[in-house]
Amino acid sequence: MANVLITGCSSGFGKKAAMDLAERGHTVFTTMRDPIDAVVNNAGQMYVGITEAFTADELTQQLNTNVVGPFRVCRAVLPQMRERGEGLVINVSSVAGRLAFPFFGVYHASKWGLEGLSESLRYELSPFGIEVVLVQPGPFTTNLFPGSPRPTDHETEATYGKMNQVLEDLSAGFEQVFADPETPTDPQLVVDAIVGLVEMPAGERPLRTMLGVDFGAGHAVNDAVEPLRRQALEGMGMIELDSVTKRP
């Protein structure tokens, strides 16, 4: 059984993951405790709208929540994990961390940033017995989309004319996706994946786990990039950093 710290547990993936892990016998914390076997960086927010209409401060807020926040948590727990010679960090990214669409530019900046940060940390921490992995959900029936902040520069927003209607049509389309019982939007899918990663033996966890709607391309992008990712590491003479060093 593991001790697991999860951020963002008031609703959605975080709340369900905490409940499921606890029911399976794991010790779950939503505040900092010592020692910690696994950390799930789940807290996040999604800004949606005309990208130019977001202010620099709003972009900063998005990055602070989705990138700087997980980084702060990592800095808090990694010294203990390195000292113990083992640990797991699960960063909840998004299919939007792999693909890009109109109106999600600010959100993409944060999730693509989290992807790069996580991958680099994975290599640097592997000699210490610590694994860093990513979970990439598509759209799910959580509060993420309904609670999405919109841009406040309405003057710039207005100059985009018909693009604003395209955005409204997109929002309506997501509502249809969530209403379709045949579409995989149940948050339990993500929770099960997080639980599975926590319980998986060290060294066997995949770097990326994508779940739900991938818009016909997300899994294909992951599959195509994976051998190139390893090829780049090998080209730099650092392929050994892609495998976690298990504690003797």
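**Strands, crossovers and salt bridges in a predicted model**

Good morning. The model is a predicted one. Over the protein chain the pLDDT averages 89, and 90% of the residues score at least 70.

Strand β3 runs parallel to strand β4, residues 87–92, and four bridges join the two. One point of contact may be named: Asn41 has Asn91 of β4 as its bridge partner. Between β3 and β4 the chain passes through helix α2, residues 56–84, in a β-α-β crossover that is right-handed.

How many residues of β4 are buried? Six of the six are, so β4 is largely enclosed by the rest of the structure. Gly87, Val89 and Asn91 are buried on one side of this strand, while Leu88, Ile90 and Val92 are buried on the other. This pattern may be read against a general rule: in a regular strand the side chains alternate between the two faces of the sheet.

Strand β4 is also joined to strand β5, residues 130–137, by six bridges, and these two strands run parallel. Here Val92 has Val135 in β5 as its bridge partner. The chain crosses from β4 to β5 through α3, and this β-α-β crossover, too, is right-handed.

Next, the salt bridges. A search of the whole structure finds 10 of them. In one of these, Glu86 pairs with Arg84, with 3.3 Å between the closest N and O atoms. Glu86 is partly exposed, because its relative accessible area is 33%.

Which residue forms a salt bridge with Arg208? The partner is Glu115, and the closest N and O atoms are 2.7 Å apart. This pair links distant parts of the chain, since Arg208 belongs to strand β6, residues 208–211, and Glu115 to helix α3, 93 residues apart. Both Arg208 and Glu115 are buried.

The side chains of Arg122 and Asp242 meet in a salt bridge, at 3.6 Å from N to O. Arg122 is in helix α3 and Asp242 is in the segment after α7 (218–235), so that distant parts of the chain, 120 residues apart, are linked. Both Arg122 and Asp242 are buried. The two residues belong to a network of salt bridges that also includes Glu226, Arg229 and Arg230.

The segment after α7 also holds Ser243. Ser243 counts as partly exposed because its relative accessibility is 44%. From Ser243 to Gln231 the separation is 12 residues in sequence and 14 Å in space, C-alpha to C-alpha.

Finally, the surface. Tyr160, Met163 and Val166 form a nonpolar patch there, and together they have about 230 Å² of accessible area. Of these, Val166 is placed in helix α5, residues 163–179. Is Val166 buried or partly exposed? Its relative accessibility is 40%, and therefore Val166 counts as partly exposed.

Thank you for your attention.

Terms used. Residues are numbered from 1 along each chain as its sequence is written. This is a predicted model: local features need pLDDT of at least 70, side-chain atom pairs count only at pLDDT 80 or more; totals for chains, interfaces and linings use all residues. Side-chain values use heavy atoms; hydrogens and water are left out. pLDDT is the predictor's confidence in each residue, from 0 to 100. Two strands pair if DSSP finds at least two bridges between them. A crossover is right-handed if, with the strands pointing away from the viewer, the path from the first strand over the helix to the second runs clockwise. Patches are made of residues with over 30% relative accessible area and no salt bridge: like charges are joined within 9 Å, nonpolar side chains (Val, Leu, Ile, Met, Phe, Trp, Tyr) within 5 Å. Accessible areas come from the Shrake-Rupley method with a 1.4 Å probe; for residues, only the protein chains shown count as cover. A salt bridge is a side-chain nitrogen of Lys or Arg within 4 Å of a carboxyl oxygen of Asp or Glu. Buried means under 20% relative accessible area, exposed over 50%, partly exposed in between (1.4 Å probe, protein chains only).
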